[in-house]
Each structure stands twice: as structure tokens, then as C-alpha cells.
Amino acid sequence: MITRKRLASGVCVLFAALAAGIAVPAGAVADETTATAPKVNLVLDVSGSMRARDIDGQSRMAAAKQAFNEVLDATPEEVLLGIRTLGADYPGDDQKRGCKDTAQLYPVGPLDRTEAKTAVATLTPTGWTPIGPALLKAADDLDGGTGSKRIVLISDGEDTCAPLDPCEVAREIAARGIGLTIDTLGLVPNAKMRQQLSCIAEATGGSYTSVEHTEELADKVNQLVDRAADPVVTPVATEGAEACAKAPVLKSGLYTDRVGFGQQRWYRVDVEPGRELRASVSVAADRAVAPSYGLLLRAVTVHGREIVRGEAAGDGRTDVISTGLRYPKADDDEAPTEGVCLQVTHSYAAASGVETTPGLPLELTVDVVDGPGDSDDVASFGLGRGWWLLGALILTGFVAGLLWGWLSRWRVAVWRTN
């Protein structure tokens, strides 16, 4: 009897240990999945102007609710979705209070469609339009994790909480380097609202869309939510130095930074013998700038000697310019690893009255790969092994010229004889 009890106790302990051993890894896997999951925060304008009945014969609020129901039904399972409102609670005339009127209606996380739809159904157009404060809070809602992060702002009017400029807020969010994109949708837009929402989107690499029908709104929001679920490479935030000696050392990868007007940024890459450094940089004008500008990327030694450079120029027809360079390190067993400093300089000039901080968004790509068989050839005027082809063509042309000259003289001699 005692033996049976001991046996039963041992079996219980064994099952408990197995259960604990299985439960912990499962929880760890779940946490890891959540940390890398894409996040979307839908920010909805619930200000008083959303009462206007000019979208397919119904109010703007009704159109938004209908679109949200369709979006919530179609949201992919892997997307962590939240809903934030602005202007939903305070109906008074106190601007200070009205500009604080933003709240998280549904927290960013796994989607409970019934709960989210119920929350949206209770909304009533109420107060102000604090777009800037709402964007700051929405960015905080998406903090943490390594997956893609996207804010979708739906509004029918410009911000009413100056001097907190939503464009400046968007630039500040972009300057955090967390890979967050803001897309904006304007309901029945006017020129001023279109300009403001476009500026917000451009500051973070997002898109602006004008919407005048309920079906358009649902389709566009669905498209943006689905886009968040697509795999993306998130740039790593870094901060370049003001001099080569203090530059951060970068490995192969994609990096993002900010470079101010009249400033330069330095980064360092270690290149081993027999390896080739490939680097490219893009700088975007996320605000009004003078129409003529340029971009310079230089690779120099730690002692300041220039190795190679890449240049690009713009004339106002595009708001992004890019350039790149290649540097092969000779394959010498006795040569040490070389520290190569990359210098980024631009000649953008801010338009009159435009804020100069934070700096312009910069994206830097660094790739150190196996070099070609003879790195000296690659460095020779960019022709690489094309020198062999060029030499062969020259020799062929020389021989062909001799033969043609000899044949011509022979034909002239025969003609004279005849």
C-alpha cells in the first residue's frame, strides 16, 4: 500500500515537472512572437466637424465607423492593433483642456473584434482636433518590440492646437529612430488640411490619401494594415559623430540617423584584407528647402586621406537624393584590418521660416563583402577587369588597321598595274 502511494506521488511529481518544463518555453515563444509582431495604431478624429453629412449621404462619423467595422473584420491575425481617438470627450471651449483630449480607445495588442467594434460604436463627435498631441501619444502606444510600427491617422480637418505643429511632431517622432511610419487619410479635404496631412506623412516616409467615399476609406485602411504585416527591414538607429576619431563603428546593415543643416556626419567601418566596402546614403527633405542641393559621401583613412567618393545633386524635382561608393581592400595576408571613415555632407538649405531641427532624415547602407580576385583592378577608374577587354579591343583594332592598310596598298598597286 505504501509502495503504491509512493509510486502515485512520484508519477504526479513527474507530470508536474513535465508540465512546468513545457509551459515555460511556450510562454517564452509567445513573448518572442509578440515582440516581433507588426503593430498598427488607428488614430480617429472624433471632433465636432465629424457630424457633417457629406460622405455618401451620411455623416463622416458614420462612414468612419462603417469603414472601421470592415477593417477590423479583415485585420490579419498576426497584427497587433490599437485604436486611439482625438476630440472624443471634451465638448467645451477651453483650448487647454481640448488639446489634451486624446485617449486610447482600444489598447495595442491581439485583436478582439467584438470588443473593438463595440468601443468604436460608442463614439460621438464631440470636441477639438489635437492632432499633434494624439500623434505623440500614439507613438508611445507603439513603444517596444522589433516589428514594424505604423500609425494610420484619419481626420477631416487641420489641427486646432497650435503652436504644437503636427508636422514638427511627426519629425520629432521620426527622429526617435524607431522605424515608425505615419500614414494619413483626409476626409473631404481642403487645401490647408491636405498640406498639413501630407507634411505629417512625408516626415515619416508615409503616404497621404484623400478620401470622399466610405468604400475608399475602408479599402485604404485595409491596405495600410495589410502593409504593416509585410516583412520589412527596420533600419538600426545610430548617431554619427562630428569627427572621424569619434565615429561609431558599424557592421554590415541598414542604419538611420539625422543630419542637421550645415552639419556633417562620420561613421567608421573596419575593412579586412580581401574584402570590399560598399556604402550608399540617402538624405530626404522632409520640409521646404531651397531648390538646389547636393549630397557627398566620402571614404577616407583614419589619417584623413581620401580614398573614394560619391556625389549627387538635386534641383527641387525630387525630395530625396542618394549616392554610393565602393572600396576594395587588397588581399594581403600581412596587411592589417583598415578602419575606413565615411563622411556624409549635404548642401540642403532650409526655406525661410522653416524649423531646422531636428535634422534631415538620413539612411545609410553598409555592406562588407568578399572582394574580387584583384582589388587593384576594381579600383582602377571603376573599370575593374574591363581593362582586359579594353586592352584586347585596342590590340584587335591595331591589327585590323595594319591588315586594312596592307590590303588597301595591295589593291592600289594591282589597279595601277592593270
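Predicted model: local features only at pLDDT ≥ 70, side-chain atom pairs only at ≥ 80, totals over all residues.
Are Cys 167 and Cys 199 buried or exposed? Cys 167 is buried, and Cys 199 is buried as well.

1. Let me start with the pair from the opening question. Cys 167 and Cys 199 are joined by a disulfide, with an S to S distance of 2.2 Å. Cys 167 sits in helix H6 and Cys 199 in helix H7 (residues 191-203), so the bond ties together parts that are 32 residues apart in sequence.

2. How many disulfides does the count come to? The count is 3 disulfides. If the bonded cysteines of the protein chain are numbered in sequence order, the pairing reads 1-2, 3-4, 5-6.

3. Next comes the disulfide between Cys 99 and Cys 161, where S to S is 2.0 Å. The angle about its S-S bond is -105°, and the link is left-handed. Distant parts of the chain are linked here, 62 residues apart: Cys 99 belongs to the loop between helix H3 (95-98) and strand E3 (102-109), while Cys 161 belongs to the loop between strand E4 (149-155) and helix H6 (166-175). Cys 99 and Cys 161 are both buried.

4. A further disulfide connects Cys 244 with Cys 341, again listed with an S to S distance of 2.0 Å. Here the link is right-handed, with 60° about the S-S bond. This pair also links distant parts of the chain, 97 residues apart, with Cys 244 in the loop between strand E7 (236-237) and strand E8 (253-259) and Cys 341 in strand E14 (residues 338-346). Both of these cysteines, Cys 244 and Cys 341, are buried.

5. Strand E4 deserves a look of its own. Why is E4 described as largely enclosed by the rest of the structure? The reason is that 7 of the 7 residues of E4 are buried. In a regular strand the side chains alternate between the two faces of the sheet. For E4, both faces are covered: Lys 149, Ile 151, Leu 153 and Ser 155 are buried on one side, and Arg 150, Val 152 and Ile 154 are buried on the other.

6. The partners of E4 come next. Strand E1 (residues 39-45) pairs with E4 in the parallel sense over 6 bridges, and Val 40 stands opposite Arg 150 in E4. E4 also runs parallel to strand E5 (residues 180-187), joined to E5 by 7 bridges. Within E5, Asp 183 is the bridge partner of Val 152. Together, E4, H6 and E5 make a right-handed β-α-β unit.

7. Another sheet is open and built from 5 strands in the order E7-E8-E15-E10-E13, with mixed pairing. E7 and strand E13 (320-328) stand at its edges with a single partner strand each, so one side of each has no neighbour in the sheet. Strand E10 (residues 275-284) and E13 run antiparallel and are joined by 9 bridges.

8. Finally, a word on Ala 74, which is placed in helix H2 (residues 60-74). Ala 74 counts as partly exposed because its relative accessibility is 39%. Leaving aside neighbours within four places in sequence, Ala 74 is in contact with Asn 222 and Asp 226. The C-alpha atoms of Ala 74 and Arg 113 are separated by 9.8 Å, with the two residues 39 apart along the chain.

Note on methods
Residues numbered from 1 in each chain as written. Heavy atoms only, no water. Disulfide = S-S within 2.5 Å. Helix = DSSP H or I, 4+ residues; strand = E, 2+ residues; numbered from the N terminus. Buried < 20%, exposed > 50% of the residue type's maximum accessible area, 1.4 Å probe, protein only. Pairing = 2+ DSSP bridges. Contact = heavy atoms within 4.5 Å. Right-handed = clockwise from strand over helix to strand, strands pointing away.
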